[in-house]
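Welcome, and please open your viewer. We will go from stop to stop, selecting a few pieces at a time.

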Amino acid sequence: MSSDLPAFAVQVACDLGAEFAEARLHENRETACLLRDGEPEPAAIISSRGLGVRILCKGALSFAATNDLSRDSIRILCKDAVRAAEASSVILNKRIEFCEQKGVKTSWRAEERKNIENASVEDLMRILWELDKTLRHDYDGITFTNRLLTISTMLEMKTYVNSDGAQIESRVPRIQYSSYLTTPFEGKTFTVTIPPGYSQLGGSGGWETVERLNLQEYVPQEAKILAAVIKNTSKPPAGVVDVVLGPEVAGIVAHESAGHPGEADRIQGREAAQAGESYLKPTDLGLRIGSDQAFVSDDPTIGGSMGFYLYDDEGVPARKRKLIEAGVVSEFLQNRATAREFGLDSSNSASRSVAFDREPIIRMANTFVEPGDYSFEELLEDVKIGVYIKSFMEWNIDDRRFNERYVGLEAYLIEDGQLKGLIRDPILEITTIKFWSSLDARGRDLTFNAAMCGKGDPMQAAPVWTGGPHIRLRGVGIGAR
Amino acid sequence: MMNLEEICVFVLEGALKAGAADVSVLASDYREDMTRFSNNTVTVVKRISNVTVDTYVSKDRKRIVGSSSDPSYGGLEKFTNALVEACGSLQPSPDYMPLPEGPYQYVSHENYDVRIAEDDLLLIDTVKKVVETGLHAGASRLSGSLTSNSVRSHLLTTGKAEGSDKKTGIVLNVRAFADAGGSGHGLSCACQLAGFNPLDASRTAAEYAVRSSNPRAWEEGSYDVILTPTVAANIVQNVGAASSAFAVEAGISFLSGQLGEKTAVESFTLRDLGCATDGLGSRSFDDEGVPTKENLIFERGVVKQYLHNTTTAAKFQKVSTGNAGIIDPHPWNLVVDEGDYGWEEMLQDVKHGVIVTNNWYTRFQNLRAGEYSTLPRDAAFLIQDGKIVHPVAGLRLSDSIPRQLKNIAGLTKERKWIQWWEVEIPVQTPAILIRDVTVTKPKP
């Protein structure tokens with residue numbers, strides 16, 4: 001994508017008085033296919049392309065976006081952005097400033113061996129047809145009478161220019177799959193998702209990514225397990241037990257109760273009326289919130305990940321962020337404005353936008369519990385009575401990221417170090433401090449799930465990974481529905 | 001750049017030339033201004049302008065939808081040709097129905113205020129007053145967003161349906177914080193400035209914040225719960241989504257198999273209105289060109305109809321209800337009929353309960369059964385013997401929507417329009433009292 005238009009916009013904005021200006025030409029293309037009970041619903045081809053401009057003027061921040069890419073329109077856009085910033089500057093209590101960041105001229109892309117644009121709707125439908133065939137089987141008395149399968153390819157291309165001299169082009173293709181399955185059983189009807197928890201299987205990369213997802217093996221395998229889960233009626237043990245969590249659960253907890261509360265804009269109250277605030281305060285770096293086994297990181301540079309990038313949407317080189325280290329809050333996720341507030345030399349590259357008409361804000365990329373050195377069997381071995389929650393469906397957390405709940409889907413009783421059979425809907429309802437303080441061991445495995453994380457106003461759904469190893473919590477309360 | 005009518009003609013003719021049989025083109029010009037604020041100061045002002053073209057094409061019973069925001073001649077030509085070509089490579093759909101035949105007469109909804117559409121600096125001054133009002137009412141800090149938007153759209157189909165629509169909207173979402181853990185939410189949303197009351201919303205948020213300071217202990221258990229309109233709307237929007245015939249057919253609706261069944265109490269009547277005064281979701285025509293109208297989803301507790309487009313209607317042997325969504329029919333504006341309770345009267349009807357003024361993160365364990373939990377946020381109050389006793393915090397409601405619909409004990413006369421970050425479909429609803437809701441908290 002040519003840098004002419006963004007460069008032009010930056011120049012116009014600066015000429016009009018902006019102290020800082022950036023412009024992002026941002027294009028998204030998506031092809032999605034949907035198969036319902038073996039019948040095709042309309043496929044979808046969605047594309048958006050436009051220019052988003054952000055400026056600082058007289059201490060105020062303004063963002064404007066358009067998909068009319070004529071130079072006249074861009075001039076008007078910049079004029080409106082400067083005018084709005086000037087108007088709001090008179091009622092500001094506090095100037096907004098960015099930390100210094102030397103501009104870089106570069107281009108980067110996610111690895112793409114097979115061009116994603118060559119994947120056709122026929123290719124996508126073929127995958128769904130084959131999966132649907134396997135899902136129509138009888139799974140030991142369970143037949144998924146309703147099956148809603150969806151697969152999509154996405155391509156995101158950006159050209160970013162700012163008045164600090166940055167000029168960065170990028171290209172990230174992605175693929176994702178998700179499905180809803182419904183079945184009646186003994187007078188009740190159940191809807192589950194594959195993967196569980198309303199998440200997706202996905203990653204960045206070209207069409208070769210679909211092989212890596214290994215859907216033909218994963219989906220029927222998961223369907224078999226879920227059929228058994230639906231048939232099971234055994235309740236979980238009540239009271240205080242040891243709990244082993246699978247990577248899917250570890251990942252969502254890391255995202256919800258370590259990643260989100262560590263977003264510096266949330267900590268400062270910028271998201272208070274929408275996604276909420278944080279139980280962490282700006283002075284809480286160095287605060288102990290968990291055991292010395294609690295390690296949570298967020299890393300945009302993981303190859304093949306949904307949240308992959310090498311430069312963020314402020315032109316800052318991406319790096320891994322160590323959010324929690326040995327139970328201590330180690331780092332917040334920063335953009336250039338919050339980094340300035342915190343007195344830092346640089347942001348840690350957490351600024352992302354999902355579309356041209358969305359302001360870049362602090363987002364996670366790929367958030368995970370760091371693996372340890374236990375095998376799965378070692379995690380179980382000295383559990384006298386406990387619960388292994390491998391996957392979940394229902395989850396939520398309060399708007400300060402402190403009171404959280406995860407309801408198990410595939411879950412087992414542990415007795416004397418052995419898995420003893422499925423249990424239904426164990427509920428882990430716990431505070432963030434209790435969770436991370438109870439963590440006493442981490443597995444050496446590491447897997448990720450894809451998800452779309454919602455934040456911002458207007459809302460932005462950012463592609464991310466959540467992940468971790470199996471982990472063990474000692475002595476936590478489990479409930480039942 | 002072409003105007004909206006020209007875009008529709010260009011795309012429709014291009015699609016037919018490329019071999020399409022049915023074509024529906026919806027061109028929309030969307031503009032939004034937003035001023036966000038937190039800690040009593042403006043954080044960012046935003047202006048978004050976006051012309052999008054949503055197109056449905058069929059060819060040999062194969063069906064595809066597309067959306068483009070490149071409204072240039074070259075961009076639209078490329079988009080249209082790619083769409084028709086991709087359509088041709090799909091499998092025929094056994095559900096294929098041709099687009100409905102017009103032309104139609106459309107009702108205008110009058111939800112357009114030129115002052116909202118044209119005054120781009122309206123918001124900044126209003127935000128200043130909102131913050132001042134909230135602080136004056138006792139809050140220590142306020143956060144929120146004030147958004148105005150205007151949408152003009154034009155639709156053209158091969159079924160000879162053609163229409164234009166325009167609307168404006170203005171929404172204030174404000175949260176106030178007081179000392180000692182108190183917080184409150186205020187909301188005002190309207191299509192015209194005459195119906196917009198931002199300072200009342202700010203005052204409400206601040207008063208809730210002050211009253212909810214120093215929350216006290218409470219026990220897990222079963223409570224009667226009064227859901228204020230903001231919270232009721234969060235639940236009702238899920239009822240509206242479940243009424244989509246697509247959701248029913250896909251097996252993910254808790255209203256599946258409930259047509260004609262008494263699924264809620266007698267006092268619960270729910271309508272979907274295509275055009276409603278101050279209904280932010282209003283539009284005169286659906287994506288197939290069918291005029292939108294009033295649809296009775298629930299009447300005195302009985303499920304009367306699902307929401308249909310032409311395809312789902314044919315499968316259910318009904319007629320379209322004007323709710324396309326080519327794939328997924330959806331509500332436009334959900335309206336719950338008023339009840340007969342005054343607020344004080346509803347309070348007095350609660351022996352042991354809580355008032356929940358706001359909530360978020362509603363998530364389902366079993367979507368088909370409607371089993372879910374949600375987190376109250378901001379002010380919540382314990383009620384004993386008809387009186388508010390003290391504020392509480394840290395609650396979680398765990399229930400099922402079908403159970404709740406059968407355990408509605410009352411609805412207030414007064415209703416409010418709700419649309420904000422957590423409630424996407426606009427809902428006009430009273431406060432609702434529900435018996436015996438499980439309320440939980442984290443295990444120690």
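How many bridges join strand β13 (residues 359–366) of chain B to β14(B)? Select both strands: they run antiparallel, and five bridges join them. Strands here are DSSP runs of E with at least two residues, helices are runs of H or I with at least four, and both are numbered from the N terminus. Two strands pair if DSSP finds at least two bridges between them.

Before moving on, note that this is a predicted model, in which local features need pLDDT of at least 70 and side-chain atom pairs count only at pLDDT 80 or more, while totals for chains, interfaces and linings use all residues. Residues are numbered from 1 along each chain as its sequence is written, chains are lettered from A and ligands numbered from 1 in the order in which they are written, and side-chain values use heavy atoms, leaving out hydrogens and water.

**Stop one: strand β14 of chain B**

Zoom in on the turn of the hairpin formed by β13(B) and β14(B): four residues lie between the strands, and B:Gly370 there has a positive phi of about 70 degrees. Now pick B:Ser373, the bridge partner of B:Arg363. B:Ser373 also stands opposite B:Ser398 in β17(B). That strand (residues 396–400) is antiparallel to β14(B) and joined to it by four bridges.

Is β14(B) enclosed or open? Six of its six residues (371–376) are buried, so the rest of the structure largely encloses this strand. Buried means under 20% relative accessible area, exposed over 50%, and partly exposed in between (1.4 Å probe, protein chains only). Colour B:Glu371, B:Ser373 and B:Leu375 for one covered side, then B:Tyr372, B:Thr374 and B:Pro376 for the other.

**Stop two: helix α2 of chain A**

Select residues 71–89 of chain A, a helix of 19 residues reaching 27 Å from first C-alpha to last. Its buried residues include A:Ile74, A:Leu77 and A:Val82. Among the elements covering the buried residues are α1 (4–15) of chain A and α4 (122–136) of chain B; contact means heavy atoms within 4.5 Å.

Find A:Glu248 in helix α6 (residues 247–259) of chain A. A:Glu248 is buried without a salt bridge, and the nearest side chain of opposite charge, A:Lys390, is 5.1 Å away. A salt bridge puts a side-chain nitrogen of Lys or Arg within 4 Å of a carboxyl oxygen of Asp or Glu.

Finish at B:Asp200 in helix α5 (residues 198–211) of chain B, which counts as partly exposed at 43% relative accessibility.

Definitions and conventions: Expected span 1.5 Å × (residues − 1). Lys, Arg positive; Asp, Glu negative; His and termini not counted.
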